[in-house]
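I opened this notebook to record what I looked up on helix packing, the sheet and the nonpolar cores.

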Amino acid sequence: MDAATEAFVAHRNLLFTVAYEMLGSATDAEDVLQESWLRWVDVDLATVRERRAYLVRIVTRKSLDRLRALGRRKESYVGPWLPEPLLTTPDVAEDVELADSVSMAMLLVLETLQPTERAVFVLHEVFGLEYQEIAEAVDKSPAAVRQLAYRARAHVAARRPRGVASPAETRTALQAFQRAVETGDLQNLLDILAPDVVALSDGGGVKHALLRPVVGADNVARLLAVGWWRRDAERSVELVQINGGPGLLVRVNGEVDGVVAVRLENGYVTGAYHVRNPEKLSRVERETPVSR
């Protein structure tokens with residue numbers, strides 16, 4: 001491989017992760033990587049001091065452009081918009097910070113940031129870039145980046161799950177969901193649902209899904225009992241690694257029908273995220289490598 005290709009391949013997983021955390025969409029992250037590659041091959045490598053930082057800068061700028069375009073697309077989206085789920089490798093869960101940063105719950109929190117705030121937060125808090133490096137990536141002064149980082153950190157801290165759930169707690173919650181889906185037994189599920197739990201589902205206007213959030217333990221349990229799953233079909237539920245944590249892969253009549261991820265706080269499920277949009281399910285049967 002030539003030097004440009006070698007550098008891009010060496011950092012590809014990192015670059016994909018940056019773009020994915022910026023966008024919440026693997027499809028758009030791949031498009032950003034393609035655009036970044038076309039930009040990278042035109043660069044005179046003799047002028048590049050640090051190739052990793054330069055590549056991250058290109059990907060960040062391309063991601064910001066796409067993030068603003070995505071914002072316009074989401075305004076006309078049918079029903080709640082949820083991030084595109086990824087089937088991740090087991091080692092992702094072992095890196096607690098990386099697993100948290102790509103979790104469905106965190107990606108939804110990042111959705112509440114302004115585009116540049118999101119870029120600054122991701123680059124500094126997740127990937128450990130210095131303010132000077134980030135300033136070059138987002139075309140701001142280091143002082144402005146520091147202020148953006150402070151504001152984004154406070155915003156995320158107020159909204160991220162309180163009380164870190166252990167892998168065992170998360171697995172227990174998913175197993176309760178699994179039993180509810182497979183058998184209709186809701187008692188174990190009710191025991192771990194927070195009183196103010198929120199359920200969201202994303203069908204993209206293509207598959208049947210909730211048009212509005214469902215709130216409250218009884219309502220969410222009832223939803224699982226009668227509304228979320230086709231009872232007249234052959235259904236199988238598999239516990240898998242989704243976005244760095246345990247999730248459910250649901251098949252109906254042998255075909256992938258959706259993915260369920262949960263948000264846990266202090267041992268209780270406070271959020272349930274059900275993705276059914278077929279355009280968002282291409283990454284749930286083969287593992288996608290992510291890295292820092």
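The model is predicted. I began with the relation of H8 to H10, which are roughly perpendicular to each other. I looked up the axes: those of helix H8 (residues 115-126) and helix H10 (residues 142-159) cross at roughly 90° and come within 9 Å. An angle from 65 to 115 degrees counts as roughly perpendicular, hence the label.

I then listed the contact residues. H8 contributes Thr116, Glu117, Val120, Phe121, His124 and Glu125, and these meet Val145, Leu148, Ala149, Arg151, Ala152, Arg153 and Val156 in H10. By class, the residues of this contact divide into 7 nonpolar, 4 charged and 2 polar.

Next I traced the sheet. It is open, has 6 strands in the order S2-S1-S6-S5-S4-S3, and its pairing is mixed. Strand S2 (214-215) and strand S3 (235-242) stand at the edges; each has a single partner strand, so one side of each lacks a neighbour in the sheet. Valine 260 stands opposite histidine 274 in S6.

I also noted that helix H11 (residues 167-183) lies across strand S1 (193-202), S3, strand S4 (245-252), S5 and S6, and runs at about 165° to S3.

Last, I turned to the cores. The largest nonpolar core has 56 residues, of which Phe16, Trp40 and Leu110 touch the most other members. Leaving aside residues up to four places away in sequence, the contacts of phenylalanine 16 include Leu33, Leu86, Arg283 and Pro289. A second, separate core has 27 residues, among them Ala173, Ala176, Ala180 and Leu248.

Technical notes: Residues numbered from 1 in each chain as written. Predicted model: local features only at pLDDT ≥ 70, side-chain atom pairs only at ≥ 80, totals over all residues. Heavy atoms only, no water. Core = buried A, V, L, I, M, F, W, Y, C linked by side-chain atoms within 4.5 Å. Buried < 20%, exposed > 50% of the residue type's maximum accessible area, 1.4 Å probe, protein only. Contact = heavy atoms within 4.5 Å. Axes fitted to C-alpha atoms, helices over the stretch in contact; angles between N-to-C directions. Helix = DSSP H or I, 4+ residues; strand = E, 2+ residues; numbered from the N terminus. Parallel < 35°, antiparallel > 145°, perpendicular 65-115°, else oblique. Nonpolar A, V, L, I, M, F, W, Y, C, P; charged D, E, K, R; others polar. Pairing = 2+ DSSP bridges.
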